[in-house]
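I open this entry with helix packing and then turn to aromatic ring pairs. The sequence and structure come next.

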Amino acid sequence: MEADQQNNIDAPTAASPILLDRQDGHHIRGYFLIAAAALCWGGAATLGKAVFNGRLFSGRAAIDPVILAQTRTTFSLLVLAPAMLIARGAHAARISRRDLLLSLLVGIVGIAGSNFFYYFAIQKSTVATAITVQYTAPVWVLLYLVARGQQRATMRRIIAVAMALLGSMLVVGVGSSTGLKLTNIGVLAALGAAFTYAFYNVGAAGLVQRRPSWLVMLYALLGSVLFWLIVDPVWKVWAQHYSAKQWGFLAAFAMISMLLPFNLYFAGLKYLDPTRAIVTSCMEPVFAIVFAAIFVAERIGALQVCGMALVLAATLLIQMPERHT
């Protein structure tokens, strides 16, 4: 690892907070990267629900949220680590002790935590409930950054966050008779997903400004995998006796729902501050509903169309540069 004095170079100073507006000409790239990640997550949410409600692998051993969250990080690490070491060499994986610990923490709390709570909320309630409560995360991110003095609570930011939250709620069916299923355990799990997702956005944002996004992703995945190995050891997973098709699904699901979108998201955080990034990620339920309409022939109602418009408007609003006085 690098010498510890490297920390003094890498660490942001109080006079130059790491979360200043990033309008360097490449922020549009950041929006496309985050939107692409949301596209992957939108499809993964529907696949996850299909697993939990028995539509996939009927008659086989059940795949619960813990194993789904655990295997998606494990398979992703097993692909990313050798690929990066072959492409860049072992020397490129060196990192300071401080950033290593922060990356591991992002993996444990942000990735492992948000993954588990999100899929557990889907299992105990509905996709609509899980997404609606999880996507209060932009509110918590903005409040945290304002409290730390790293962003200003401008009217534009407040309106964009509110529009994204309301739009997400309408997209997933709030206002209909079948949208939300408010069980205590489901709502608590979704709140856990919201807080851990907010932590992941804030924690990763500073790291990717100092380190390559793939390197942060590598150690974050490592932290998540180590956590799951303690909580749910390998022999317990193997004892589930999944079929070859189930293992193939878990491997493919990891690529679609974890490795690709998280790499896109980490890369997007290099160009966007956490508030802009997390508001843009609210496009996930929009993509989920569109996928359902195209592939499952689900009907899109007027309220959902309004919700989509609100989310898209919020994404456009939040990307407009602020006037600094």
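Is the crossing of α4 and α8 left-handed or right-handed? I find the crossing of α4 and α8 left-handed, meaning that the near helix is turned anticlockwise from the far one by less than a right angle. The model is predicted, with local features needing pLDDT of at least 70 and side-chain atom pairs pLDDT 80 or more, while totals for chains, interfaces and linings use all residues. Residues are numbered from 1 along each chain as its sequence is written, and side-chain values use heavy atoms, without hydrogens and water.

I looked up the axes of helix α4 (residues 97–124) and helix α8 (residues 184–210): they come within 7 Å and cross at roughly 155 degrees. This makes α4 roughly antiparallel to α8 (angles over 145 degrees). In their contact I note 18 nonpolar, eight polar and four charged residues.

Next I turned to aromatic pairs, in which ring centres lie within 6.5 Å; the count comes to 16. The rings of F75 and W247 are edge-to-face (planes over 60 degrees apart), with centres 6.3 Å apart and planes at 75 degrees. F75 lies in helix α3 (residues 65–88) and W247 in helix α11 (residues 244–268), so this pair ties together parts 172 residues apart in sequence. F75 is partly exposed at 21% relative accessible area (partly exposed lies between buried, under 20%, and exposed, over 50%, with a 1.4 Å probe and protein chains only).

For F227 and W228, I record ring centres 5.3 Å apart and planes at 70 degrees, so this pair is edge-to-face. W228 is buried at 3%, whereas F227 is partly exposed at 31%.

Key
Axes are lines fitted to C-alpha atoms, for helices over the stretch in contact, and angles run from 0 to 180 degrees between N-to-C directions. Helices (H or I, at least four residues) and strands (E, at least two) are DSSP runs, numbered from the N terminus. Angles under 35 degrees count as roughly parallel, over 145 as roughly antiparallel, 65 to 115 as roughly perpendicular and the rest as oblique. Ala, Val, Leu, Ile, Met, Phe, Trp, Tyr, Cys and Pro count as nonpolar, Asp, Glu, Lys and Arg as charged, and the others, Gly among them, as polar. Rings of Phe, Tyr and Trp (its six-membered ring) pair if their centres lie within 6.5 Å; planes under 30 degrees apart count as stacked, over 60 as edge-to-face and the rest as tilted.
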